[in-house]
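Dear colleague,

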Amino acid sequence: MKQKPPQFEVLVKEVVGDEVVPLLRALGARRNVSEFKLAEKLKLNINQVRHLLYKMHEHNLVTSTRRKDKKKGWYIYYWTFHVQEAKALLTIHQQTKLERLKKELVEESTQDHFICKSECLRLTPEEALENEFKCPECGEVMVQEVKEKHIEELKKQIAYLEQEMTAQSQEQKKPKNKTAKKKETKKKKPIRRRSQNKKLAGGKS
Ligand SMILES: [Zn+2]
């Protein structure tokens, strides 16, 4: 596996935080990368890199081994992105996200809201009625929120996520067959047949 799928970036961003994305990229699919190499690559000091690595480690997203530097006498840690753990975490994360989106869709479809021009607050019809349809913050008249766009957006997100999850589970079901992968050769250029082209061009009525 040479390239790490971009979905891990989304996962790491959402689960650990934006700041670890460069680290994930620096680690890539390489194994046992020295923390000093990572620091150099990311232009950070060793403590900053370790801080990021520990954050990843909290979610079991990296593993490490240590080796003693014989000359200097101290330990150097070597890190690897934990792909299997990331896949498992990704599945859980996506399921939670999907449930949340579906719940939001139901709520959004069944519940109306009132907002003012400046969108200070978003109130239920009951709350809006209590305030005589005037925004408690700015005094503007509150109107019923147009929710179709939001609903469409939620539906899109749900469909996208479901598609992604299906693709992943199919990917995992695939037996790992190295010989089959080797058979994949470059696509041959199609041979142009002049006579056939002529026929096709002439056949138009
Ligand atoms: Zn307002």
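Donors here are N, O and S atoms within 2.8 Å of the metal (3.2 Å for Na, K and Ca), and water is not among the atoms, so sites may look incomplete. Please bear in mind that this is a predicted model, in which local features need pLDDT of at least 70 and side-chain atom pairs count only at pLDDT 80 or more, while totals for chains, interfaces and linings use all residues. Residues are numbered from 1 along each chain as its sequence is written, and side-chain values use heavy atoms, with hydrogens and water left out.

The zinc ion has as its protein donors the SG atoms of Cys116, Cys120, Cys135 and Cys138, which lie 2.3 Å from it, and in sequence these donor residues follow the spacing C-x3-C-x14-C-x2-C. Cys120 sits in the loop between β4 (114-115) and β5 (122-123) and Cys138 in the loop between α6 (125-130) and β6 (143-144), so the pair ties together parts that are 18 residues apart in sequence; helices (H or I, at least four residues) and strands (E, at least two) are DSSP runs, numbered from the N terminus.

Cys120 counts as partly exposed at 34% relative accessibility, and Cys138 counts as partly exposed at 37%, where buried means under 20% relative accessible area, exposed over 50% and partly exposed in between (1.4 Å probe, protein chains only).

Turning to helix α1 (residues 7-15), its buried residues are Phe8, Glu9, Leu11 and Val12. Just after α1, Gly17 takes a positive phi of about 140°.
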